[in-house]
Number of protein chains: 2
Amino acid sequence: MDVTVRLYEIETGKPIVVLNEEDMKDLGVHIGDRIRICKGEKCYVTAIIDATTSMVNEGEIGIFEEVKKSLDLNAGDVVGIQATSRPKSIEFIKKKLHGQHLHGHEITTIVEDIVENNLSDIELTALMVGAYINGYDMDETVALTQAIVETGDQIDFGEEVVDKHCIGGVAGNRTTMLVVPIIAAAGLTMPKTSSRAITSPAGTADTMEVLAKVEFKIDELKDIVNRVGACIVWGGSVNLAPADDKIIRVEYPLSIDPEGQVLASVMAKKKSVGSDYLVIDIPVGHGAKLDDMNEANSLARKFIELGNRLDIKTKCLVTDGSSPIGRGIGPALEARDVMMALDGRGPLDLVNKSIDLAAALLELSGKVRKGNGRALAEEILNSGKARDKMMEIIEAQGGDPKISPEDIPLGDKKYEITSGVTGRVRSIDSKRISKVARAAGAPKDHGAGIDLQVGVGDTVDKGGVLYTIYSSSENKLEDAIKLAHEAQPIRVGGVILEELV
Amino acid sequence: MDVTVRLYEIETGKPIVVLNEEDMKDLGVHIGDRIRICKGEKCYVTAIIDATTSMVNEGEIGIFEEVKKSLDLNAGDVVGIQATSRPKSIEFIKKKLHGQHLHGHEITTIVEDIVENNLSDIELTALMVGAYINGYDMDETVALTQAIVETGDQIDFGEEVVDKHCIGGVAGNRTTMLVVPIIAAAGLTMPKTSSRAITSPAGTADTMEVLAKVEFKIDELKDIVNRVGACIVWGGSVNLAPADDKIIRVEYPLSIDPEGQVLASVMAKKKSVGSDYLVIDIPVGHGAKLDDMNEANSLARKFIELGNRLDIKTKCLVTDGSSPIGRGIGPALEARDVMMALDGRGPLDLVNKSIDLAAALLELSGKVRKGNGRALAEEILNSGKARDKMMEIIEAQGGDPKISPEDIPLGDKKYEITSGVTGRVRSIDSKRISKVARAAGAPKDHGAGIDLQVGVGDTVDKGGVLYTIYSSSENKLEDAIKLAHEAQPIRVGGVILEELV
């Protein structure tokens with residue numbers, strides 16, 4: 001059937017076209033079916049029919065940016081269209097809905113279709129929900145990881161690469177920015193790609209961005225790592241796991257993530273940068289992502305098995321995630337903690353945890369014998385070698401290497417939250433304190449966030465300051481103060497957890 | 001945050017808006033999150049953020065038809081936007097993903113959100129896949145049916161209403177158009193709403209449309225039924241089960257339908273027209289939807305239980321679905337079968353099956369005692385009372401009551417498919433013969449389709465005609481002929497089912 005092109009200047013993220021209902025009946029197709037579109041010899045194979053309305057008349061086809069570009073179409077062009085079959089992936093997705101095992105080549109086909117935008121939101125969601133309910137076994141998870149790696153860019157640094165990862169969920173937990181300079185100062189190669197915050201007040205990439213640039217092309221990245229042995233950059237600026245990004249988009253609205261998908265997502269990004277040794281931080285505790293040691297153990301075992309299958313020597317550390325790490329929560333405040341720690345003045349919990357992680361990496365990679373990691377990590381940090389290395393990294397990434405912690409600009413508006421009673425600090429809830437920091441404007445407002453004045457176990461007087469909220473916006477500061485009073489992220493005094501009537 | 005409206009003349013079917021990424025960071029929202037949009041006092045509550053691109057600049061909001069209309073927006077208007085929470089339905093959908101039972105009020109909330117377009121494709125698909133894998137129990141199915149009924153229009157005909165339904169899958173099976181006039185001629189009220197073909201070559205609504213109009217408003221429908229005691233109309237023209245239509249849209253691309261959803265979908269449409277007595281035809285056999293007597297039995301039990309819970313007295317007939325019913329396949333050819341049957345000249349299988357169904361309804365409704373239904377149905381058909389009633393129905397629906405079977409126009413291009421061997425007809429595959437009819441242009445091309453010249457068990461000579469393909473298009477006729485030779489829907493002769501090497 002020949003139809004006339006009607007253009008819409010809209011990016012849909014999918015190869016969607018719009019046909020008139022009458023033409024659809026003629027073609028024998030329905031919403032969600034595929035057509036092949038040809039302009040002369042050039043064909044676009046799997047456009048999804050997504051709407052059938054009064055938008056286009058009979059004999060017309062509504063075309064959006066993606067298809068327009070790929071066929072170089074102009075308004076009024078005549079194109080041939082033809083019904084075509086659905087991608088094979090859909091049969092494989094249905095297998096997963098029926099609880100069947102997917103073979104490696106089936107998973108590869110699905111991931112390729114995901115990367116090429118051949119699947120609609122409906123089809124992609126069905127996969128994700130099927131995997132969430134019926135699970136991926138280890139063979140499937142390995143295949144998924146490999147497919148994600150192969151459909152993205154891969155970087156070869158020409159050296160053994162060490163890496164770390166944290167499953168997240170703990171406010172202020174900015175250990176990466178201490179571990180990387182310690183490890184690099186020990187002479188190992190650590191090209192760290194990190195994420196930006198999605199639902200937290202700061203990701204490592206957001207925090208590093210306070211000190212230096214974090215978006216680089218692959219060549220620039222290799223150059224930085226060749227020169228200084230490490231980097232701390234935003235993983236999203238390189239195309240390491242495009243499949244993963246597209247899967248996350250359908251997971252987010254339901255906040256569910258199939259375990260196999262999480263494992264594959266983490267490990268694919270490690271494999272793509274050629275990691276050989278990997279330490280994974282799994283915080284456990286009330287307010288963290290996991291609150292159960294058995295679950296944490298089970299997850300750790302799976303990370304280790306998957307690592308082995310991918311030739312990445314992997315060690316997991318289950319850590320105390322029951323309260324925030326460090327004083328600052330928010331990009332600038334966390335960057336200040338890190339720079340103070342490199343200067344020998346940092347929060348003890350952040351310093352100790354970072355040394356533990358660095359020690360594990362030094363031992364795992366064979367740099368030192370088992371039991372000697374902590375001593376070397378401490379020596380590197382205390383001697384200032386880690387600080388010097390961080391200055392090199394900051395400079396290599398275009399930042400000011402001479403920045404001192406006190407130079408880091410915080411929000412110019414602030415408010416102190418005080419204790420209503422005299423007593424010991426019983427708990428600081430990561431989720432709640434993070435929400436207050438986000439309300440204050442973090443992570444977009446780098447200077448916004450929370451500066452904790454107390455830690456769990458400290459004694460505080462009535463009227464004593466618990467934390468300071470920073471923001472660049474008067475409105476957002478007010479929102480954050482309101483939320484702080486409602487959510488009460490810090491509990492002082494009594495032991496009552498709940499009152500029932 | 002205040003933003004300036006940028007309008008796009010596109011219907012999205014969902015309350016979607018587009019924001020710039022920077023503004024999204026400022027608001028702390030992501031793709032799939034909800035915002036409230038206010039123009040002065042008037043607010044639109046749950047717009048879904050669906051894209052973040054170069055389409056709109058910072059400080060702008062991209063608005064499509066649905067939101068534009070509901071807030072009466074013009075390009076350049078300034079509106080206030082504010083992040084807002086997700087609909088409660090999403091928590092309930094997640095319960096279903098976790099295999100938990102949904103309470104009645106939770107299902108009601110979900111169905112209301114579906115009808116009000118408050119759920120994205122991702123969220124709706126998650127519900128459907130969750131229900132497909134984890135199932136709905138009978139309590140959930142009852143709640144789902146009631147919620148679908150309550151969110152749609154309901155019609156009260158002021159009389160006891162009898163109804164029939166077929167789960168479909170058998171080519172040519174146009175019994176409704178014989179059952180309705182028989183039942184109405186017996187003095188019962190039978191306001192039949194039927195579907196159009198989705199993947200078959202003809203639905204009852206498509207076939208009836210050959211003879212009369214099938215799209216009516218509720219008042220017109222009531223008027224027709226008051227006058228002649230029956231109607232045969234397209235259910236889609238009245239708003240009986242809008243939730244169902246929206247659910248089907250996400251089921252179609254994966255061709256999966258959760259059983260509870262199917263049960264609810266069927267029974268809601270019956271309840272909405274006030275059905276008191278219902279006979280359901282469940283064809284079983286190779287090529288039909290079900291090929292297993294146990295499955296058919298189990299489905300029948302559930303229909304009956306659901307019927308009882310809804311105060312609809314329900315009887316199921318499991319029927320032979322191993323080959324097509326009647327001669328014609330396609331709207332005009334099926335309408336011809338029906339009109340010939342009313343005239344005493346119809347295909348015997350179609351006539352017999354229709355009498356069985358009508359008899360069951362006459363007995364179920366108490367019109368006659370058990371065992372006497374068939375005699376009354378035959379008498380009504382053979383005496384011409386059913387034909388007269390059909391003429392009344394056709395006239396009431398704006399058709400020509402004097403139409404004779406021979407007047408029904410068929411496609412002006414035809415081709416005879418002949419047998420390659422002499423032998424008995426062993427099988428006629430409904431799925432395959434339906435595909436040939438669709439390739440010829442049915443259902444949109446009303447005159448297109450198949451005229452079977454043989455039935456299962458007939459003896460045919462080499463070169464003898466098996467069936468005639470009709471079409472109004474030379475191209476489509478050629479496509480259908482090609483498919484007919486490939487698919488071989490009719491098997492003649494030998495008993496070999498499969499050859500293995």
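Predicted model: local features only at pLDDT ≥ 70, side-chain atom pairs only at ≥ 80, totals over all residues.
1. Start with the partner of B:Ile428. This residue stands opposite B:Ile490 in β18(B). Three bridges join β14(B) to strand β18, residues 490-492 of chain B. The two strands run antiparallel.

2. Strand β14 has another partner to look at. β14 covers residues 423-428 of chain B and pairs with β16, residues 459-460 of chain B. The sense is antiparallel, and there are two bridges. Find B:Gly423, and you will see B:Val460 of β16(B) opposite.

3. Now turn to the open sheet of chain B. Four strands make up this sheet, in the order β12-β15-β17-β13. Their pairing is antiparallel. Which strands are at the edges? They are β12 (328-329) and β13 (413-418) of chain B, and each pairs on one side only.

4. Look inside that order. Strand β15 (residues 449-452) and strand β17 (residues 465-471) of chain B are joined by four bridges. They pair in the antiparallel sense. One bridge to locate links B:Gly449 with B:Tyr470 in β17(B).

5. A helix packs on the sheet. It is α18, residues 474-487 of chain B. Helix α18 touches β13 and β17 of chain B. The direction of α18 makes about 150 degrees with that of β17(B).

6. B:Gln488 lies in the loop between α18 and β18 of chain B. Phi of B:Gln488 is near 45 degrees, which is positive although the residue is not glycine. Is B:Gln488 buried or partly exposed? B:Gln488 is partly exposed, because 13 other C-beta atoms lie within 10 Å.

7. B:Ser255 sits in the loop between α10 (242-251) and α11 (259-272) of chain B. With 10 other C-beta atoms within 10 Å, B:Ser255 is exposed.

8. Note the cis peptide bonds. In chain A, such a bond joins A:Ala442 and A:Pro443, with omega about 5 degrees. A:Pro443 is in the loop between α17 (430-439) and β15 (449-452) of chain A. In chain B, the bond from B:Ala442 to B:Pro443 is cis, with omega near 5 degrees. B:Pro443 is in the loop between α17 (430-439) and β15 of chain B.

9. Next, the two chains together. How many residues of chain A contact chain B? There are 36, and they meet 36 residues of chain B. Elements giving two or more residues to this side of chain A are α1 (21-27), α3 (89-97), α5 (121-134) and α10 (242-251). The largest share is from α5(A), with ten residues. By type, this side of chain A has 18 nonpolar, nine polar and nine charged residues.

10. The copies are related by symmetry. A rotation of 180 degrees, with 0.0 Å of shift along its axis, superposes chain A on chain B. The RMSD is 0.1 Å. The copies are therefore related as by a two-fold rotation axis. The same surface serves both: 100% of the contact residues of chain A recur in chain B.

11. Finally, see how α5(A) meets α10(A). Their axes come within 9 Å and cross at roughly 85 degrees. That makes α5(A) roughly perpendicular to α10(A). A:Asp121, A:Leu124, A:Thr125 and A:Met128 in α5(A) meet A:Ile247, A:Val250 and A:Glu251 in α10(A). Four of the contact residues are nonpolar, one is polar and two are charged.

Definitions and conventions
Residues numbered from 1 in each chain as written. Chains lettered and ligands numbered in written order. Pairing = 2+ DSSP bridges. Contact = placed C-beta atoms within 7 Å. Axes fitted to C-alpha atoms, helices over the stretch in contact; angles between N-to-C directions. Nonpolar A, V, L, I, M, F, W, Y, C, P; charged D, E, K, R; others polar. Parallel < 35°, antiparallel > 145°, perpendicular 65-115°, else oblique. Least-squares fit on C-alpha atoms with pLDDT ≥ 70 in both. Buried ≥ 20, exposed ≤ 12 C-beta atoms within 10 Å, placed from the backbone.
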